[in-house]
Amino acid sequence: SHSSLYWFAGSDDFCPGGSIYPNLKESSLFLYPNQDVYFPPCKRYRISAPFVFAGGKFEQKKPSIEVLPDECLFEIFRRLPGGQERSTCASVSKRWLTLVSNICRDEISDNKTPQASDLEHENADKKGGVSSEDVDSDVEGDGYLSRSLDGKKATDIRLASIAVGTASRGGLGKLFIRGSKSRHGVTTVGLRAISRGCPSLRVLSLWNLSSVGDEGLCEIANGCHQLEKLDLCHCPSITDKSLLAVAKGCPNLTDLTIEGCANIGNEGLQAIARSCPNLKSVSIKDCPLVGDQGVASLLSSASYSLTKVKLQALNITDVSLAVIGHYGKAVTDLSLTSLPNVSEKGFWVMGNGHGLQKLKSFTVTSCRGATDSGLEAVGKGCPNLKQLCLSKCPFLSDKGLSSLAKAAGSLECLQLEECHRISQFGFFCSLINCGTKLKVISFANCLGIKDLNSGLPPLSPCESLRSLSIHNCPGFGDASLFALGKLCPQLQHVELCGLHGITDAGVLPLLESCETGLLKVNLSGCVNLSDKVVQTISNLHGWTLELLNLNGCKISDASLVAIAENCQLLTDLDISKCTITDSGIAALAHFNPINLQILSVSGCSMISDKSLPSLGKLGETLLGLNLQQCKAISSRAVELLTEQLWRFPSSGRICYYFLSLKMGVGFFMAEFP
């Protein structure tokens with residue numbers, strides 16, 4: 001009988017563990033090549049040639065291996081001698097690919113006789129090589145291969161191909177799947193193939209996969225026990241059941257990221273906390289079912305291993321921050337964003353919990369609890385805090401920022417964005433009170449900063465500051481720059497972007513006070529700066545300058561002459577939307593010592609085809625050239641420039657050319673190692 005044939009006892013049982021299709025309907029998802037012969041999914045057949053009705057009579061087709069039922073083919077495939085043979089069979093048809101991809105590694109049968117094995121090793125020794133068995137044992141299972149599927153390419157068939165193809169080529173270690181709205185996207189069938197063929201998988205990222213549910217992720221958990229990093233983003237069908245399976249099957253999990261998964265809550269996180277003692281990084285965003293219980297379980301269970309915590313758009317309260325402050329003994333990076341139910345008390349308790357002794361980086365965005373008192377407590381409770389980023393904190397004032405800067409004595413980097421209650425007084429107080437370790441200060445879109453000639457505290461030099469960045473603070477003017485010139489003599493990086501209120505009178509004292517030589521200067525969007533500023537930069541800092549951005553400044557060809565004469569180390573120059581002409585480009589190309597790699601002249605409408613020889617000469621060192629919106633340059637000129645630049649013997653250089661009637665012309669080159 002059929003049952004006695006397929007289910008006899010022994011070590012080589014046919015179809016160990018039952019049918020290869022846990023759900024019998026799944027077998028119909030893959031097409032059989034012989035469309036004129038009907039095979040019911042659940043029916044087993046004897047090995048015989050089928051009959052078909054054609055021309056008014058029954059005709060017997062020639063015998064074919066395709067008449068074998070899935071169970072028999074499965075047994076044949078799992079007895080093949082090596083991964084290369086199975087991979088070759090998988091390329092025959094979708095049906096064969098499906099069968100091969102459903103073979104677990106422990107189901108692969110070694111059907112060689114002792115005599116055959118000895119003969120193979122003997123032949124390998126004679127040829128000075130290795131046997132196929134040795135190759136498979138050396139190559140399979142390491143898990144160093146990475147694969148990525150995006151959009152319409154993310155299908156079950158491709159996952160099955162990956163599972164089979166990587167098995168004999170080092171093993172799959174990382175898999176990234178970015179789904180789409182296609183009806184043929186990834187389902188449980190594809191993830192089952194990965195789980196059975198890729199036990200070495202360590203990193204799995206699933207994005208925008210509405211068709212993947214608990215069954216698929218449970219397959220991964222049951223087959224990929226070496227999984228270390230799991231990233232779930234916008235997978236609405238995945239629930240706590242999946243995390244329970246991951247917790248049980250993947251105890252080595254170190255990195256967990258969950259975003260936009262509406263059905264994952266506290267139960268799943270508690271299971272991870274109980275079973276994954278090596279958890280190092282947790283990022284949870286926009287999961288409405290996650291509350292204090294889940295976050296508290298993770299922090300308390302991984303108190304001595306968890307180093308990175310990111311919480312965003314969650315319904316947690318002050319309780320979670322209190323737990324972080326007490327149990328976050330190993331936390332070095334903490335980010336809190338959009339937590340509407342966390343109050344000032346939560347920040348205060350977290351800072352006074354004395355558990356964040358190792359915290360080095362702290363980011364707070366859109367949290368109404370980030371007040372003067374709360375942040376000051378955090379500063380006092382985190383003695384090793386080096387980087388502080390505060391964004392959209394409407395209740396932070398000058399007093400609070402000054403107290404925070406004074407409390408955080410180890411602070412090296414201070415970044416503020418859209419903190420509109422901070423004025424010029426708070427800016428300078430933070431600069432002075434941060435101590436002797438502050439290296440970077442950055443203010444962006446802080447509308448409360450306005451130039452005041454009086455009321456500033458006594459200023460003393462900040463010798464440690466190396467980088468100053470002020471972006472789009474409209475009230476920041478010449479008076480503030482003049483004060484900074486006296487305060488920061490060791491600057492190396494200066495970014496003053498979108499400051500319409502500054503002029504040469506404010507920038508020149510700052511440039512003249514920098515003693516060590518500037519490396520990077522970004523003055524983009526400062527429309528009231530002239531050639532005098534560029535000439536000063538070139539004369540005083542040309543010997544060290546590497547990057548100069550003058551996008552939108554009122555400069556002319558005279559600035560390019562000064563740059564060409566003095567800035568021999570300059571590699572990145574942006575003079576977009578400036579009144580540059582062909583003469584300026586010619587001057588830039590005339591001086592051989594200049595070694596530009598990136599040049600942008602976008603929007604320079606006075607540059608024409610006459611600059612073609614100069615751009616060609618600069619192209620000897622250029623890796624990137626931006627000519628967008630240069631309307632006076634013709635398409636033909638760009639074509640000639642492309643041909644010319646290709647002649648340069650720069651190995652590994654790849655060129656990209658694009659043309660747009662509305663945007664002008666552009667040319668981009670990139671070099672890869």
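# Working notes on a predicted model

In helix 8, the residues Thr188, Val189, Gly190, Leu191, Arg192, Ala193, Ile194, Ser195, Arg196 and Gly197 are buried.

User: What do I need to know about the model before we go on?
Analyst: This is a predicted model, in which local features need pLDDT of at least 70 and side-chain atom pairs count only at pLDDT 80 or more, while totals for chains, interfaces and linings use all residues. Residues are numbered from 1 along each chain as its sequence is written, and side-chain values use heavy atoms, with hydrogens and water left out.

User: What do "buried" and "helix" stand for here?
Analyst: Buried means under 20% relative accessible area, exposed over 50%, and partly exposed in between, with a 1.4 Å probe and protein chains only. Helices (H or I, at least four residues) and strands (E, at least two) are DSSP runs, numbered from the N terminus.

User: Why is helix 8 described as largely enclosed?
Analyst: Ten of the ten residues of helix 8 (residues 188-197) are buried, so the rest of the structure largely encloses this helix.

User: Which residues does Thr188 touch?
Analyst: Leaving aside residues up to four places away in sequence, Thr188 touches Glu215, Gly216 and Glu219, where contact means heavy atoms within 4.5 Å. Thr188 lies in helix 8 and counts as buried, at 12% relative accessibility.

User: Changing topic: how many disulfides are there?
Analyst: The count comes to zero disulfides, a disulfide being a pair of cysteine sulfur atoms within 2.5 Å.

User: Is strand 15 enclosed by the rest of the structure or exposed, and why?
Analyst: Strand 15 (residues 467-471) is largely enclosed by the rest of the structure, because four of its five residues are buried.

User: Which strands pair with strand 15?
Analyst: Strand 14 (residues 440-444) pairs with strand 15 in the parallel sense over five bridges, and strand 16 (residues 493-497) also pairs with strand 15 in the parallel sense over five bridges. Two strands pair if DSSP finds at least two bridges between them. Ala444 has His471 of strand 15 as its bridge partner, and Ser467 stands opposite His493 in strand 16.

User: What do strand 15, helix 18 and strand 16 make?
Analyst: Together with helix 18 (residues 478-487), strand 15 and strand 16 make a right-handed β-α-β unit. A crossover is right-handed if, with the strands pointing away from the viewer, the path from the first strand over the helix to the second runs clockwise.

User: On to helix packing: how do helix 12 and helix 13 cross?
Analyst: The axes of helix 12 (residues 292-301) and helix 13 (residues 318-327) come within 9 Å and cross at roughly 5 degrees. The contact involves Asp292, Val295, Ala296, Leu299 and Ser300 of helix 12, and Val319, Ser320, Val323, Ile324 and Tyr327 of helix 13. Axes are lines fitted to C-alpha atoms, for helices over the stretch in contact, and angles run from 0 to 180 degrees between N-to-C directions.

User: And where does helix 22 pack?
Analyst: The buried residues of helix 22 pack against helix 21 (557-566), strand 19 (572-574), strand 20 (598-600) and helix 23 (612-618).
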